[in-house]
Amino acid sequence: MEHYICIHAHFYQPPRENPWLEAIEYQQSAHPYHDWNQRITAECYEPNSRARILDSNGRIDRIVNNYSGISFNFGPTLLSWLADEHPATYRRILEADRESIRRFSGHGSAIAQAYNHAILPLCNYRDKITQVRWGIQDFIYRFGRQPESMWIPETAVDLETLDLMAQMGLKFAVLAPHQARRMRKRGERTWHTFANQNIDPSMAYEIILPTGRRMALFFYDGPISLAVGFEKLLSDGTAFINRLMGAFSSERKWPQIVHIATDGETFGHHHRFGDMALAYALHSIESGSKARLTNYGEYLEKCPPTHLVEIWENTSWSCPHGIARWKEDCGCNTGTHPGWQQKWRTPFREALDWLRDHLAGLYDDETISYLRDPWEARNDYIDVILDRSAESVERFLIKHGSRNLSSEERIRVLKLLELQRHTLLMYASCGWFFDDVSNIETVQTMQYAGRAIQLAEELFGRNSIESDFLGILQKAQSNDPKHGNGRDLYIRNVKPAMLDLHRVAEHYAASSLFRDYPQKSEFYSYSVNREFSKTVSSGKSRMIMGRCRITSSITGESSDVEYAALYPGDHSISGGVRECQEDRPGETIRLDMIRAFEKDDLQSVLRIMDEYFGESTFSLNSLFKDEQRRILSILLKSAGTELEELNCRAYERAEPIIRSLMNLDAAPSNSFRNIATAVINLQLLRSIQADDLNPDRVSALVEDAALWEVQLDKESLECAMREKIEKLAMDCLKNPGDLPSLKRFTAAVSMAAKLPFTTNFFRAQNICYELLQNEYPRLKASASSGDINAKAWTEEFRKLGTNLYVRVD
């Protein structure tokens, strides 16, 4: 009998975007990365798209796409982010699915996921439909085919969810072994009830749903999945393979499938080098003869279910109490805060449920004037989310509009649908999974609720929605007294993040002081069409004034505004924004401000701004976090340049004297060592970033650092060295066969190896391997035919391979 192995990886991150910007803001806990999506991509998603298999000498023998050999799902919101922020990794994921179709008898390895990872049994029926529909449509949009299955978030299941999936054409689902209640063979009457996860996971089962629909179910191998996720099985690739192979039994008389399911982040993020362990296992299984890799779709076609099964409803893979982890204090937590309770989960869900139901009624009443079927329109709104072009919106409104809508009515309809999108996003499961209501994931769901509330109050003119919501939310008490309760967290973290078009204009005005925007530009999820702009400067001071139209790329709502912003040359910014007036008094005001500015009378400039813009003034602290960080970095760089010059002059004067003193056994002073630290780090950074690398200069600076016992800024220097090498590598890729480009690449890698810190060669190795596959064979053949240049290139490339630990011959 055939033996099959299938490894399923569930790749997911909660939606993290600021709902007013549609962009992820800086997350300090993800340092040194900008945010957690960036960090986990670097540690997991990208490495699995180019995983290493090493030879016996520890050199890279091959680089493979792990995704093509496993079963996998990616959360739709994560894929959307990857498509924008890491398109190369995104493309590799899509390519892997196409490759798996060729490998596995026409069955792709990718499966869909319910849209934003809500716990489906806790959703009302209407939300379940939308979550499943959006997940399917997002999958079709990206992978270009119908999904055969859908990952159920946290495998939290009930019969209604399975029936919906079957109704929408999905063929199977993957569950945890303890979710199987009882089983019987086809044709037999006796049911066998399970205890202690003892369902046999080596076959597919079929469930007959209350409506008569049927669906196949796979129950993954619990002990092996647990060992992979939590018992460090991935630390030894051979042990991983042996554990999988050891799950087959000679007593079974059917084609067996050994399959596991775990969080995809296990392979690299939770367990370093887990991507390599997975690549090694897949390669070993595929090159052996004892079992063959498969995916669920292929196995189901070859081995249809012979047994029927029933499940325990309202159960999940990550909560032994069913689905209580997402609604109450069941005892489930991360274990990192002994003594903390999770009673906050109940009022937190109550607050969101109240908001959802209250807004649903208002949505129903309002949309009936514009849409044929408001809820069917919501189900199809995913088409607009995936393509926000004017043509896409037009197609949607033609399909769902009950009549021709005016421009104002179109904006209103889009706002109503955005309100619904955010009431769905606020149910991402991570909002309840962790230990406290103050967790960033929980605060993120509050932001989505806040955006829904803001839209509702704009649309319906009811200012009590937020206060009623906060009245429930305040019952969610934090374990940390400094955070207070859910209401306090909302006031501190959600209210300051809220934007309207005027606040967007404030950010644009402040940013324009330090960045030249074209007349038409994209600014986060807004477009800016500038009618007029004037910048005046005097010394370090700078002032900008202008008029523009700000338009939401999401709803189409727009506003014509005029703005002014002043940078007086220190660390502050002041400005104002107001709606444009037809009589254009702003022209006179601008002239007054320019005259005051040219006289260096900045106090008068600020007074005129205050009088003209009234309460619509802003400061640096008014801006959102990423914009504050960017502007402060610019200001700091300017101030830092002056300090750098002073330090360099002091170092140049003192360094020969200190050397002479050291020859007399005198130790350098701490003040000199501090200056040396600043100067040597700066000079090293500039040397690495220079167009022409000078290894001798870099070596001398490293020696000086050792001499003066300087603490190097390894994080910044490694980043600069890595980026330099990757740029040189790309030059080689763009100029195949060019010897000077290759020599610069090799020299930079050689130099990096001598530095007192480890440089990440991941992307450089990828490019080296690509050259090995695509260029080296051709040039090696030319060298064998007597081509001197090709011979020199191949010899240099072998040196590069040695330095990058890539096996060439």
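In strand S9, the bridge partner of arginine 182 is threonine 193. The structure here is a predicted model, in which local features need pLDDT of at least 70, side-chain atom pairs count only at pLDDT 80 or more, and totals for chains, interfaces and linings use all residues. Residues are numbered from 1 along each chain as its sequence is written, and side-chain values use heavy atoms, with hydrogens and water left out. Strands (E, at least two residues) and helices (H or I, at least four) are DSSP runs, numbered from the N terminus.

Back to that pair of strands: S8 (residues 180-185) and S9 run antiparallel and are linked by two bridges. For two strands to pair, DSSP has to find at least two bridges between them. Both belong to an open six-stranded sheet with mixed pairing, ordered S7-S11-S10-S14-S8-S9. Its edges are S7 (172-175) and S9 (192-193), each of which pairs on one side only. Helix H5 (residues 159-167) packs on this sheet and touches S7, S10 (205-208), S11 (214-219) and S14 (307-311), with its direction at about 115° to that of S11. Touching, or contact, means heavy atoms within 4.5 Å; angles run from 0 to 180 degrees between N-to-C directions, with axes fitted as lines to C-alpha atoms, for helices over the stretch in contact.

A second open sheet also has six strands, this time with antiparallel pairing, in the order S15-S16-S17-S18-S19-S20. S15 (520-523) and S20 sit at the edges with a single partner strand each, so one side of each has no neighbour in the sheet. Direction ignored, neighbouring strands here are turned by 30° against each other on average.

Going along this sheet, four bridges hold S15 against S16 (residues 526-538) in the antiparallel sense, and lysine 520 has asparagine 529 of S16 as its bridge partner.

H19 (residues 501-512) lies across S15, S16, S17 (541-552), S18, S19 and S20, at about 40° to S18. H21 (residues 602-613) touches S17, S18, S19 and S20, and its direction makes about 160° with that of S18.

For helix-on-helix packing, take H10 (residues 345-367) and H14 (residues 407-425), whose axes are 11 Å apart at an angle of about 160°. That makes H10 roughly antiparallel to H14, a label for angles over 145 degrees. On the H10 side the contact is made by Leu359, Ala360, Tyr363, Glu366 and Thr367, and on the H14 side by Arg412, Leu416, Leu417, Leu419, Gln420 and Thr423.

Neighbours within four places in sequence aside, glutamine 765 is in contact with Arg52, Ile60, Ile63, Leu804, Tyr805 and Val806.

Note on methods. Angles under 35 degrees count as roughly parallel, over 145 as roughly antiparallel, 65 to 115 as roughly perpendicular and the rest as oblique.
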